[in-house]
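Open your viewer and get ready to select. This tour goes from one stop to the next.

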Amino acid sequence: MNPGSFFCGSADHGVNRRGFLSAAALGTAGTFAADMTQLDLLRHSAWADDVKKKEKRVILLWLAGGASQFETWDPKPGRPTGGPFRAIQTASSGVQISELMPKMAARMQTTAIIRSLNTKNGDHGGGSSLMETGRRKDPGIDYPDLGALCAKELGRIDSAVPDYVSLYSSTEGRRKGTSGFLGARYAPMFLSENMVPENVRRLETISDIDHQDRAALRDLLAKRFAQNRTSDVIGSHTNAYQRVRGLMASEKLFDIEQEPEAMRAKYGPTQFGQQCLIARRLVEAGVPFVKVARAWWDSHGQNFETHRELCADLDHSMAVLLDDLKDRGLLEHTLVLTFGEFGRTPQINPSLGRDHFASAWSASLSGCGVKGGACYGKTDPDGHTVAEGEASAGDLFATILTALGIDPHKEYTLGARPVPLSDFGSKPIKEVLA
Amino acid sequence: MTTSDPTKLKMTKEFGLPTIAFCVARVPNSGRLIFGSSDFKLYEFDALAEKPQPVAFNGEGHQSYVTGVVLCAPNIAVSGSYDGKLIWWDLEKREPIRTVSAHELWIRRLAVSPDGKTIASVSDDMQCKLWNAETGEMLRQFSDHKPMTPHDFPSMLYAVTFSPDGKFVATGDKVGHVAIWETNSGAKVATVEAPTLYTWDPRQRRHSIGGIRSLAFSPDSKLLAVGGTGQIGNIDHLEASARTEIFDWQAGQRVKEIVNDKFKGLVEHHVFDPSGQWIVSSGGDNGGFVSFHNVETGKTLHQDKAPMHVHQFALNEACDTLFAVGHHKIAIFEFKAEAAKPAEAAPATSTN
């Protein structure tokens with residue numbers, strides 16, 4: 001059994017599965033909507049408690065463009081590189097973060113910081129690829145990104161919801177994500193223009209019965225085509241079609257109007273805040289991996305003004321998200337991550353900006369499997385280099401997977417080649433794990 | 001009478017600094033500059049000395065970038081900082097006299113009234129506060145600036161200046177809103193809008209840049225110059241032309257729009273000449289500039305690059321020498337008319 005699997009095939013879980021699907025079906029009444037009225041049964045039914053105990057989810061807050069570690073998790077007040085902002089004490093003794101993150105400072109007991117990433121790639125494209133997949137590109141292998149890995153390891157075969165949802169609304173640096181050699185089955189449902197998936201509704205000109213019949217016909221033809229053929233592509237293609245009705249039913253999960261006004265007000269009016277609320281709705285409904293990209297932190301000019309804006313957005317949205325997950329009993333099963341492709345330079349340029357920097361920067365992990373309040377690694381007094389506990393992208397990935405209960409050294413077999421989930425030689429950072 | 005000729009602009013001296021200088025005030029009739037720095041300190045620097053060296057002030061100072069400094073009495077300087085504090089300093093001893101917790105958030109700029117009796121401070125708490133320069137007592141506070149931008153992000157209150165007659169104070173914020181206040185009553189008497197100075201990118205990068213970084217009244221107090229940068233395409237950089245808009249503020253009308261045809265970035269500071277015929281502006285992006293423009297026509301009289309992004313400058317009494325401070329440098333520019341005589345000149349209208 002997949003350790004993170006929602007439905008392992010046991011009798012008990014089979015009941016749960018039927019219960020879940022029934023709950024979704026109850027709400028159809030002429031539509032496919034698995035809306036939150038039904039999915040909120042997760043909060044009330046006995047089987048939901050069991051689900052919550054075993055399910056692991058991930059929300060990646062992707063800080064696209066590269067947020068400054070100085071203005072977030074690794075402040076250096078009073079140093080020539082430190083900028084104008086103070087460091088403030090957090091709820092974790094001895095750990096200080098930037099004054100631009102006061103709400104997260106008060107919630108540091110849910111969060112661990114890694115301050116010693118040295119990922120060596122300060123290019124947007126290369127850095128993004130590295131931090132999405134946890135390893136450098138290999139011409140011979142198309143690696144899946146973290147979302148696809150988690151979709152495979154945490155998702156379930158017959159999921160009624162998407163396994164991997166990626167929201168990236170800004171256009172700068174937009175990247176769709178990749179399922180690599182895992183195939184289209186684990187590719188993200190990618191939302192860029194709207195916060196609700198496009199083209200998932202059944203055409204009004206087709207009845208539900210017609211739709212099911214067409215799917216059955218397609219399935220029959222696909223199976224015939226697949227006879228005597230061994231192709232991952234065919235299998236992946238078929239899998240994708242088999243999940244169509246579930247994906248169609250997920251539309252309302254993206255509709256925050258389904259939430260009470262007070263809840264929407266908590267998350268606030270910014271798009272990022274609203275997307276964090278969508279992320280919570282998705283993980284609550286069973287989506288294993290949600291990526292919310294907040295672009296664009298690439299503050300070559302006016303770094304402090306940019307971070308004054310964007311950190312306020314991040315601090316508020318992340319704090320509310322953690323509170324909400326905690327209130328719903330989901331935080332211990334949900335890992336919330338923040339990082340992007342790299343950090344920013346210690347040097348402050350003439351436009352009062354900071355440039356790309358991958359030699360000594362920070363990431364955060366909150367919730368599931370995390371030792372809250374921990375702070376791992378250290379940079380030198382001016383933040384130019386890692387002084388203690390250097391960590392690679394692979395180490396970060398190994399840590400994330402371990403926090404989720406997934407063996408980072410587990411191997412996929414690609415042809416005859418074993419491919420570990422996290423990069424060769426990577427090690428989880430035990431100091432930030434619960 | 002001035003002895004200046006903007007067409008004669010040339011940089012005469014340049015000094016390196018280990019830090020970024022954000023603000024400057026000049027001791028009258030001297031080359032003694034008092035500047036605030038990124039190392040949280042206040043320095044004195046005699047720019048006309050043979051081998052000038054920055055000399056740090058002593059005692060308990062600021063805890064963040066020093067972003068405003070004014071002289072309000074023969075021997076008193078007042079500095080403001082991102083730490084929210086105002087500190088009164090004895091210039092001769094270079095020691096603090098008084099520290100006041102002035103604002104809840106970062107102080108962006110200070111200005112001093114022409115009579116030296118009142119100091120104005122502006123901060124990201126969006127308040128403008130007036131202070132008795134002698135006692136440190138707060139006289140009044142006012143704000144017409146919203147704490148959040150229309151796009152739900154924190155706003156900033158960057159700029160403040162007094163009118164040359166001391167009757168009015170102007171304040172300018174991130175989204176291009178300017179309020180003009182009566183100094184004595186604190187009553188708001190006018191507003192003007194310069195929204196072009198604020199760029200909101202709703203799609204590519206989803207944040208903003210810009211804002212009003214400089215304000216200056218004309219010598220007759222009738223015009224108000226508002227400085228910053230224009231609409232930016234790629235807000236990762238200060239890539240739009242430096243921009244000044246001049247308003248007949250009592251009529252609420254923009255009368256001139258000066259878009260720098262050579263230099264990009266922010267207008268960080270500008271000052272009208274005593275005759276009101278030209279305005280000098282300075283600032284920059286990764287580089288810097290000093291530009292002179294005719295107020296009536298808006299045409300460029302002369303301009304040249306500065307060796308650094310300029311954050312502020314001070315003019316001498318004759319209004320023919322400009323002491324600029326900025327990114328790791330101090331530079332002196334002269335623009336003296338041929339045959340200029342040692343001057344008994346009127347003071348510049350604003351060195352805020």
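Which side chain of chain B meets Glu309(A) in a salt bridge? Select Lys174(B): its side chain and that of Glu309(A) form the salt bridge, at 3.8 Å from N to O. Keep in mind that this is a predicted model.

Now show the elements around this pair. Lys174(B) sits in the loop between β14 (168-173) and β15 (177-182) of chain B, while Glu309(A) belongs to helix α13 (residues 303-327) of chain A, so the pair joins two chains. Side chains of opposite charge can pair when their charged atoms come close.

Next, count the salt bridges. Between chain B and chain A there are five. Over all chains, the count is 44.

Chain B gives 34 residues to it, and chain A gives 36. About 3100 Å² is buried between the two chains, with 52% of that area from carbon and sulfur atoms.

Then turn to polar contacts. Across the interface of chain B and chain A, 23 residue pairs are in polar contact, both residues at pLDDT 80 or more. On the side of chain B that touches chain A, the elements that give two or more residues are β1 (10-26) and β18 (208-210) of chain B. Colour that side by class: 14 residues are nonpolar, ten are polar and ten are charged.

For the last stop, select Leu217(A), Leu220(A) and Leu221(A). Together they form a nonpolar patch on the surface, with about 280 Å² of accessible area. Where is Leu217(A) found? Look at helix α8 (residues 208-226) of chain A.

Key: Residues numbered from 1 in each chain as written. Chains lettered and ligands numbered in written order. Predicted model: local features only at pLDDT ≥ 70, side-chain atom pairs only at ≥ 80, totals over all residues. Heavy atoms only, no water. Contact = heavy atoms within 4.5 Å. Buried area = accessible area lost by both parts, 1.4 Å probe. Salt bridge = Lys/Arg side-chain N within 4 Å of Asp/Glu carboxyl O. Polar contact = N/O pair within 3.5 Å; in protein donor to acceptor, adjacent residues only side chain to side chain. Helix = DSSP H or I, 4+ residues; strand = E, 2+ residues; numbered from the N terminus. Nonpolar A, V, L, I, M, F, W, Y, C, P; charged D, E, K, R; others polar. Patch = residues over 30% accessible without salt bridge, like charges linked within 9 Å, V, L, I, M, F, W, Y side chains within 5 Å. Areas by Shrake-Rupley, 256 points an atom, 1.4 Å probe, with all protein chains shown as cover.
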